[in-house]
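Me: I have a structure open and would like to go through it piece by piece. Can you take my questions as they come?

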Amino acid sequence: MERYLCIHGHFYQPPRENPWLETVELQDSAYPYHDWNERVSVECYAPNSASRILNVDGRIDKIVNNYKKISFDFGPTLLSWLEEKDPEVYLAILAADRESRQTFSGHGSALAQAYNHVILPLANRRDKQTQIYWGIRDFERRFGRKPEGMWLPETAVDLESLQIMGKMGIRFTILAPHQAARVRKKGSRDWEDVSGSRIDPTASYEAKLPSGRKICLFFYDGPISRAVAFEGLLGSGELFAGRLLGGFPESPPSGPPLVHIATDGETYGHHHRWGEMALSYALQHIETNGLARITNYGEFLDIHPPTHEVEIIENTSWSCNHGIERWRTHCGCNSGGHPDWNQEWRAPLRLALDRLRDDLSVFFEEHGRRLLKNPWAARDDYIEVLLDRSPESVSAFLGRHAVRKLSEKQETEALKLLESQRHALLMYTSCGWFFDEISGIETVQVLQYAGRALQLADGAGGGGMETGFLERLEGCRSNIPEHRDGRSVYEKFVRPGMLDLRKVGAHYAVSSLFEKYEDRARLFCYEVEGEDFHSLNSGEARLAVGRAKVASSVTRETDRFGFCVLHLGDHNVSGGIREYRGEEDFGTVLQEISGIFRSADLPETLRAVDRTFGADTYSLKHLFRDHRRNVLKMLMKKPKADALALYRRTYEQNAPLLRFLLEVGHPLPRLFLSAAELAIGSELREAFEAEEPDLEKINGLLEEAGIFRIPLDEGGLAYALAKTVEGIAARFRAAPTELSLLQSLEAVVGMGRALPFRVDFRKTQNLFYEMLQSVYPVFLQRSAGGDERAEEWVRRFTGLGEKLSIRVTGE
């Protein structure tokens, strides 16, 4: 009897975008990466697209795309981020699904996912429908086919959600074994109780729905999945393969068995380092030795349709022992990091958001009818705009749904209504309740979505809802006394970040002192057209006076502003902004303030700015986070260089004495060690970031650091060197005949391998492996023909492979 194996990975990250900028901002906790999406992509999504299989010598024998051999789903919001920020990985995921269709009898391995990971049983029917429909349409746009299966967030299930999925063409989903209630053989009247995870996970099942439709269900192997996720099974590819094979029953009760597991996809690499390699090895070992047939759910259903019916236990999930209470009550499920905390805030938070959703829905329906033929049908179809925000796409959408040709103001109002609904859906992202504290970043994120939904509704004429919402948030008690409750968290962490066109204009005005903009500049999801700009200098002081048109690419809202910003040096920036009042008024302001500035009367210039633009002033504090960080780096460059030069002189002047103190065993003064640490660390960072690293200088600095046992920023230095090596490798790939680039690459990689910390050369290895297949055979053939330069190239390329731990055939 044939045996089948399927491994499913649920890949998901909570949406982290700033709701006002539609982008993920800098997250220092993800250092040395820009944000957690980038970090998890480097540790998991990218490695699984190019996973290593090692030979007996520990060198890379193959690099394979794991997604081609497993079943997987990716959250739509995560795929949107990957498409923009990591397109190489994104394209590898899409390519894997295309290839899987050829491997698995026409069945692609990718599954759809409900749009932004809400707990569907806790959503109302209308939201369930939109979440499922958006997930399907997002999938179709990216993968170019209709999805056969859909992943339920947290596997949280109820019959209504299954009915909607079935109606929309979804054929199957995957559940945890404890979510099955009873089974019976088709045609039989006798049910067997399988509650408590007693269902046979090696078979597929059919569930009859109240509507008369049917949907197929798979119940993954709980013990093996748990061992993969939480018990360290991925520490060995051989043990992993053995455990999978051990899941096959000796006498399958329901026909040819399917052993299948499901875990978070991030298990393979992010949660467990090298987990993707254990996955690659296990799959290759099982497949090449004919121990089981690798398949996916769609193919297995075609070959072996369900022979049994199943009934589920509604309102259950894979990550809460109490059903779905983790997302609405203090049920006892938490991350375990703070045993003295409680999660009593979960219930009032859900109640507050439910009431807000209902208020927003009433407003959307009442006001939307004036602009849209069917507001709820328009909301479902709004996914087409989210997938393509081009002016043509938005206009086509409005053409389909508007009750008539709308004015520009009416178009903006309609888009604000729809965007308010989008954020009302986003505010239910499951992570907002999953963790321990209402002031945590995940819960603050859903409160930001709520704040944006309120602001958009207010801008469309639906004011007055925030007061009641904040009052209800007062019932969400924080575990941290200084945060008090949900209302305080909202006021501290949500309201200060709210943006409008004026604040975007203020950012443009302040940043214009430090960045030269084109006539048309894009600031995240806004477009700014500089209509007039004047810059003056007086010593270290600078003045910028201008006017600009600011437009939201999301709502099409526009406004014009005049501005004036004064930079007095260092971080001292003060400016004002107001609605544009015409050419004559602007000319008067320009003449008056620039005249005062030219007289070098800076205090009077500040007073003139205040008189003209009012008491609301803007400074560097009001810049968007990433831009503010860049400006501050710029401002700190000289002071930092001066300070480092002083530290370096201090260290160099006292280095002989420090060496003597070390020799005689005398404690080294912390003051001098600090100077050495800062000076050497900074020089190393600069040396690692150089386009052509000075290896002699780097080795000397490392020797100094070793002598005095100076702690290094290993993560930051490794990241910097990896990026530098990737740059050299890319130049070599573009000009493979350049021996000097090959020599440089070999030398720098060799130095990196000798460092006292690990450098991730993964991207360089990937590029080398590609060249090993495409470029190396050409030079190897030339070398065999007696071409001396080709012989040198092959020798050095082989040496580079050795340093990159890649087996080079023919060496």
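**Contacts, cores and charges**

Reply: Start with D158, which touches P121, K128, I312, E314 and N315, leaving out residues up to four places away in sequence. Contact means heavy atoms within 4.5 Å. The model is predicted, so local features need pLDDT of at least 70 and side-chain atom pairs count only at pLDDT 80 or more, while totals for chains, interfaces and linings use all residues. Residues are numbered from 1 along each chain as its sequence is written, and side-chain values use heavy atoms, with hydrogens and water left out.

Me: ok, where is D158, and is it buried or exposed?

Reply: D158 sits in the loop between β6 (150-151) and α5 (159-167). Helices (H or I, at least four residues) and strands (E, at least two) are DSSP runs, numbered from the N terminus. D158 is buried, at a relative accessible area of 6%. Buried means under 20% relative accessible area, exposed over 50%, and partly exposed in between, with a 1.4 Å probe and protein chains only.

Me: which side chain does the side chain of D158 make a polar contact with?

Reply: That of S161, at 2.5 Å. A polar contact is a pair of N or O atoms within 3.5 Å; within protein, one must be able to donate a hydrogen and the other to accept it, and residues adjacent in sequence count only if both atoms are side-chain atoms.

Me: and S319, what's around that one?

Reply: S319 touches E154, R326, W327 and F434, not counting residues up to four places away in sequence. The side chains of S319 and E154 are joined by a polar contact of 2.4 Å. S319 is in the loop between β14 (308-312) and α10 (346-368), and counts as buried at 19% relative accessibility.

Me: new topic. how many residues are in the largest nonpolar core?

Reply: It has 165 residues, and those with the most contacts inside it are Y45, F74, L82, F240 and F469. A nonpolar core is a set of buried Ala, Val, Leu, Ile, Met, Phe, Trp, Tyr and Cys residues joined through side-chain atoms within 4.5 Å. A second, separate core of 55 residues includes I63, F757, Y776 and I806.

Me: why would they group like that?

Reply: In soluble globular proteins, nonpolar side chains tend to be buried together.

Me: what does F469 touch?

Reply: Leaving out residues up to four places away in sequence, F469 touches A352, L353, L356, L447, A450, L454 and Y490. Y490 is also one of the buried residues of helix α18 (residues 486-493), along with G486, S488 and V489.

Me: what do the buried residues of α18 pack against?

Reply: They pack against α16 (441-459) and α17 (465-473). At the start of α18, a side-chain oxygen of D485 reaches to within 3.1 Å of the backbone nitrogen of R487.

Me: now charges. how many salt bridges are there in the whole structure?

Reply: A search finds 74 salt bridges. A salt bridge is a side-chain nitrogen of Lys or Arg within 4 Å of a carboxyl oxygen of Asp or Glu.

Me: which residue does E579 form a salt bridge with?

Reply: E579 pairs with R502, and their closest N and O atoms are 2.6 Å apart. E579 lies in strand β19 (residues 573-579) and R502 in helix α19 (residues 501-511), so the pair ties together parts that are 77 residues apart in sequence. E579 is partly exposed, at 35% relative accessibility, and R502 is partly exposed too, with a relative accessible area of 25%.

Me: what about E692?

Reply: E692 forms a salt bridge with R731, the closest N and O atoms being 3.3 Å apart. E692 is in the loop between α23 (670-689) and α24 (695-707) and R731 is in helix α25, so this pair ties together parts that are 39 residues apart in sequence. R731 is partly exposed, with a relative accessible area of 28%. Elsewhere, salt bridges that share partners join R648, E652, E683, K697 and E704 into one network.

Me: last one: where is G716, and what does G716 touch?

Reply: G716 is in helix α25 (residues 714-734). G716 touches Y31, P32 and R685, not counting residues up to four places away in sequence. G716 is buried, with a relative accessible area of 0%.
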